[in-house]
Amino acid sequence: MTDSLFGRMRLGYVLIESCRQDAWQRFAKEGLGLHVETARDGVLAVRVDDRQRRIVVRPGPAEDVVATGWQVDDGDALDLALARLRALGLGPERLPGPEAALRGIDEGWRCRGPKGTFIELFTDASAQRTDAPLRMRASGFVTGASGLGHMAITSREPEAMERFWVEAFDARLSDRIEDRLSGVTMDFAFLRLNERHHSIAIASTRGLRFDPMRTSIHHLNLQAASFDDVVQGYRQCRALGYPIASAIGQHPNDKELSFYVQSPSDFEIELGWNPLTVSAEDEKTWQPGAYRGISLWGHFPENLTLGLKARQFGRGLLSLTRREHQVGDAA
Ligand SMILES: [Fe+2]
């Protein structure tokens, strides 16, 4: 048994709390082209592959991602991950049965991670899969060993956040990007847990650290099977009036082609195609790169209104008055 978790875990699901179920249903189905089912109690269950629940939207006031679920390979990997969390003083606790069922898993464990969002762990089981055909516009999504996609998180404590993912789960640095956006120098770190170039991206402002985001994540990325899916998603989201945060463009590091659209709970969804992977062979020689500019081309903001800028500025200022939740802080 190896004592590393690298390559043995991946993003499994995202739990969202929102009171805008109708808006989420339309956005996910007609905007993004995903398979959406309305379960009991107003819960939305979104599929992109054979797993029964990849994105769960449960009724509630947060309008945010409240938990991210990480699938680990087997019992050994789970024991190791739980031991790491215990060593960090995070005392992971077992999810109550109904909570596990809500997420479409048999059993799971959770603790509060950086910024206070729940990090949850589970192992795979065939009961979580379904043979029922997908009813969605998109041709498919790339998941499998590399998981659901990636998340990007803004942080005022990026070093601590990066350390958490390395110490808890053996994340590896893929590369870094710096860019100057709206007059502010930003640093981005891209961490991988498996062959996906990054499962976690951490964004921070250089110098005075502030966080303009209300939500726990900046965006959730889904990897479409074809570029046509991305183009159709972009055109459909635009036609339906969803705010396009960034039009289609390409990132310099993983070369993914993508666009960003604002979800009904404010954080963004990035729909992308064809990011490069770090294969087992590449792992032997991979050196973290450093890039200037978050995009090679495109990704132009289509909805950066003065009102939005003012709100972000206000939230950024407000963030200076509060300490960001750190792992190990009391809830
Ligand atoms: Fe992204």
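This is a predicted model: local features need pLDDT of at least 70, side-chain atom pairs count only at pLDDT 80 or more; totals for chains, interfaces and linings use all residues.

Biologist: What makes His150, His219 and Glu270 donors of the iron ion?

Modeller: A donor is an N, O or S atom within 2.8 Å of the metal (3.2 Å for Na, K and Ca). Here the atoms are NE2 of His150, NE2 of His219 and OE of Glu270, at 2.1 to 2.2 Å. Therefore they count as donors. Water is not among the atoms, so a site may look incomplete.

Biologist: What spacing do the donors follow along the chain?

Modeller: The spacing is H-x68-H-x50-E. His219 sits in strand β13 (residues 219–224) and Glu270 in strand β16 (residues 268–273), so this pair ties together parts 51 residues apart in sequence. A strand here is a DSSP run of E with at least two residues; a helix is a run of H or I with at least four; both are numbered from the N terminus.

Biologist: Are His219 and Glu270 buried or exposed?

Modeller: Both His219 and Glu270 are buried. Buried means under 20% relative accessible area, exposed over 50%, and partly exposed in between (1.4 Å probe, protein chains only).

Biologist: Why is Gly314 called partly exposed?

Modeller: Its relative accessible area is 34%, so Gly314 falls in the middle class. Gly314 lies in helix α7. Gly314 and Asp211 are 103 residues apart in sequence, and 9.9 Å apart in space, C-alpha to C-alpha.

Biologist: Why does Leu193 get the label buried?

Modeller: Leu193 has a relative accessible area of 1%, so the label is buried. Leu193 is in the loop between β11 (184–192) and β12 (200–205).

Biologist: What do Asp41 and His299 show in their phi angles?

Modeller: Most residues other than glycine have a negative phi. Asp41 has a positive phi, near 60°. His299 also has a positive phi, of about 60°, and is not a glycine. Asp41 is in the loop between β2 (35–38) and β3 (44–47), and His299 is in the loop between β18 (297–298) and α7. At 72% relative accessibility, Asp41 is exposed, whereas His299 is buried at 8%.

Biologist: How do you know how many disulfides the structure holds?

Modeller: A disulfide is a pair of cysteine sulfur atoms within 2.5 Å. The structure holds 0 disulfides.

Biologist: What makes a space a cavity rather than a pocket?

Modeller: On a 1 Å grid over the protein atoms alone, a cavity is a set of points where a 1.4 Å probe fits but cannot get out. A pocket is an open set with protein on both sides within 12 Å along at least five of seven lines. By this rule there are 2 cavities of 30 Å³ or more. Grid points are joined across faces, edges and corners, and a volume is the space filled by probe spheres set on the points.

Biologist: Which residues line the largest cavity?

Modeller: Lining residues have an atom within 4 Å of a point. Among them are Thr68, Trp165 and Ile217. The elements giving two or more residues are β9 (149–154) and α4 (158–169). The volume is about 110 Å³.

Biologist: What classes make up the lining of the largest cavity?

Modeller: There are 7 nonpolar, 4 polar and 1 charged residues. Ala, Val, Leu, Ile, Met, Phe, Trp, Tyr, Cys and Pro count as nonpolar, Asp, Glu, Lys and Arg as charged, and the others, Gly among them, as polar.

Biologist: How much space lies in the second largest pocket?

Modeller: About 500 Å³. Of its 21 lining residues, the closest to the centre are Lys115, Met213, Arg214, Ser216 and Arg322. The lining divides into 6 nonpolar, 5 polar and 10 charged.

Key:
Residues are numbered from 1 along each chain as its sequence is written. Side-chain values use heavy atoms; hydrogens and water are left out.
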